[in-house]
Amino acid sequence: MPVKFIKTVNKSTFLDPANNFAPKTVNTEVRYDPLTGQISRIFPFRKLILHRHDWTPFVEESKQKFCPFCPAVVEKVTPKFPADIAPEGRIRVGDALAIPNLNPYEKHAAVVIMSSRHYIPMEEVDVRLMVDSFRAGLEYLQRSTGADPDGARYASVNWNYMPYAGGSLIHPHLQVLAGARPCTYDRHLINASVEYFKSYNSNYWTDLIDAEIKHGERYLGKTGRVHWLSTFAPRHVGDITGIIPGKQTVDDLNDSDLTDLAGGFKKIIDYYSRCNIVSFNAALYFARREDTGFTVHARIVGRFTIFPLVGSDITHMQILHDDPWTVILPETIAGELRALF
Ligand SMILES: [Zn+2]
């Protein structure tokens, strides 16, 4: 079982102004993702104290402005799909509604309006809301693949909750994409998973689950079929991975899988809320049937700003060097979050 958790600890020394300029040594970690080898930096020396950001003024202001996703106008102002995708115009599942993205950034780009409610506080995000929304997204992806097999080969379902995470509208919505080629990171994941399978005749993702269970420090538990891990080499604060063994493509997830997935998300979102992490990004990653060795999985990361209202948690490291970082050890997150699983 060749999954390896490799990290190096850097010791940096400076003369400490808080201690009469005596020498002080600080440890930081560089970790390597066991699949892709990508670096993740961890600066655990800084205690992250987040003050709860109150979205109320933003929400109230947004209610005064025009919202295209609210029920009074949604039928009039949002686009409809061509007949080959949806003869009914828009794809409804429960209270969720998939519509074309007016500003597409991939050949097939939809938005799932997750609810008729304009604002859903974190603690009210529930399993039903997520299951219906994911199902609407998957339905769109399956129809896109059917209508355009060459142009909708690689897909993802994405969620930016609130402005810190890049959400441009308060009204909760998913971004659903399919194109001829995978996104850059997705391509790394898929290629490395396929290579791993060819090299070891074994699935990386199930090997990762086994390795994390054996290791113990980052394994959180299961919701139904889905295994949850505090990610060894995090892409951001509170990075959690949920793996659905045996599933590979957008056609493979049934409603029971989606319920299991949403059940885990619910626990993590509640945990974020308790830690005053009031925004997050999440993604579901898929591959194609021929990409043997890949497994459908979800990733969710917390988003925050250290300064209220302005500021950002994205720096030169992510934007100009492609190195994600976090200030909290994944093992610390796991210790706190495991109790909810
Ligand atoms: Zn709205």
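Tutor: The largest cavity is lined by 18 residues, and nearest its centre lie Asp33, Tyr204, Leu208, Thr231 and Thr241. A cavity here is a set of points, on a 1 Å grid over the protein atoms alone, where a 1.4 Å probe fits but cannot get out, and lining residues have an atom within 4 Å of a point. This is a predicted model, in which local features need pLDDT of at least 70 and side-chain atom pairs count only at pLDDT 80 or more, while totals for chains, interfaces and linings use all residues. Residues are numbered from 1 along each chain as its sequence is written, and side-chain values use heavy atoms, with hydrogens and water left out.

Student: How much space lies in the largest cavity?

Tutor: About 150 Å³. A volume is the space filled by probe spheres set on the points, with grid points joined across faces, edges and corners.

Student: Which element gives the largest share of that lining?

Tutor: Helix 5 does, with four residues. Helix 4, helix 5 (204-215), strand 10 and strand 13 each supply at least two residues. Helices (H or I, at least four residues) and strands (E, at least two) are DSSP runs, numbered from the N terminus.

Student: And what classes of residue are in the lining of the largest cavity?

Tutor: It has 11 nonpolar, four polar and three charged residues. Ala, Val, Leu, Ile, Met, Phe, Trp, Tyr, Cys and Pro count as nonpolar, Asp, Glu, Lys and Arg as charged, and the others, Gly among them, as polar.

Student: How many cavities of 30 Å³ or more are there?

Tutor: The count comes to six. The second largest cavity has a volume of about 60 Å³. Its lining includes Glu106, Tyr154, Arg181 and Asp186, and strand 7 gives the largest share of that lining, three residues.

Student: Now pockets. What is the volume of the largest pocket?

Tutor: About 1,000 Å³. A pocket is an open set of points with protein on both sides within 12 Å along at least five of seven lines.

Student: Which residues lie nearest the centre of the largest pocket?

Tutor: Tyr185, Asp186, Arg235, Asn281 and Tyr285, out of 30 lining residues. The lining of the largest pocket divides into 14 nonpolar, 10 polar and six charged residues.

Student: Change of topic. How many aromatic pairs are there?

Tutor: The count is 16 aromatic pairs. Rings of Phe, Tyr and Trp (its six-membered ring) pair if their centres lie within 6.5 Å; planes under 30 degrees apart count as stacked, over 60 as edge-to-face and the rest as tilted. In one of the pairs, the rings of phenylalanine 5 and phenylalanine 232 have centres 5.1 Å apart and planes at 55°, so the pair is tilted.

Student: Where do phenylalanine 5 and phenylalanine 232 sit in the chain?

Tutor: Phenylalanine 5 is in the segment before strand 1 (6-16), and phenylalanine 232 is in the loop between strand 10 (226-230) and strand 11 (240-243); they are 227 residues apart, so the pair links distant parts of the chain.

Student: Is phenylalanine 232 buried or exposed?

Tutor: Phenylalanine 232 is buried, at 5% relative accessibility. Phenylalanine 5 is partly exposed, at 22%. Buried means under 20% relative accessible area, exposed over 50%, partly exposed in between (1.4 Å probe, protein chains only).

Student: What sits over the ring of phenylalanine 5?

Tutor: The charged end of arginine 218, 4.5 Å from the ring centre. A charge sits over a ring if NZ of Lys or CZ of Arg is within 6 Å of the ring centre and within 35 degrees of the ring normal. Lysine 267 lies over the face of phenylalanine 341, at 5.9 Å from the ring centre.

Student: Which residues do ring pairs link into a cluster?

Tutor: Tyr196, Tyr200, Tyr204, Trp205 and Phe294.

Student: How many disulfides?

Tutor: Zero in the whole structure, where a disulfide is a pair of cysteine sulfur atoms within 2.5 Å. Cysteine 67 is buried at 8% relative accessibility, and cysteine 275 is partly exposed at 28%.

Student: Last one: what is phi of methionine 162?

Tutor: About 75°, a positive value although methionine 162 is not a glycine. Methionine 162 is in the loop between strand 7 and strand 8, and is buried at 2% relative accessible area.
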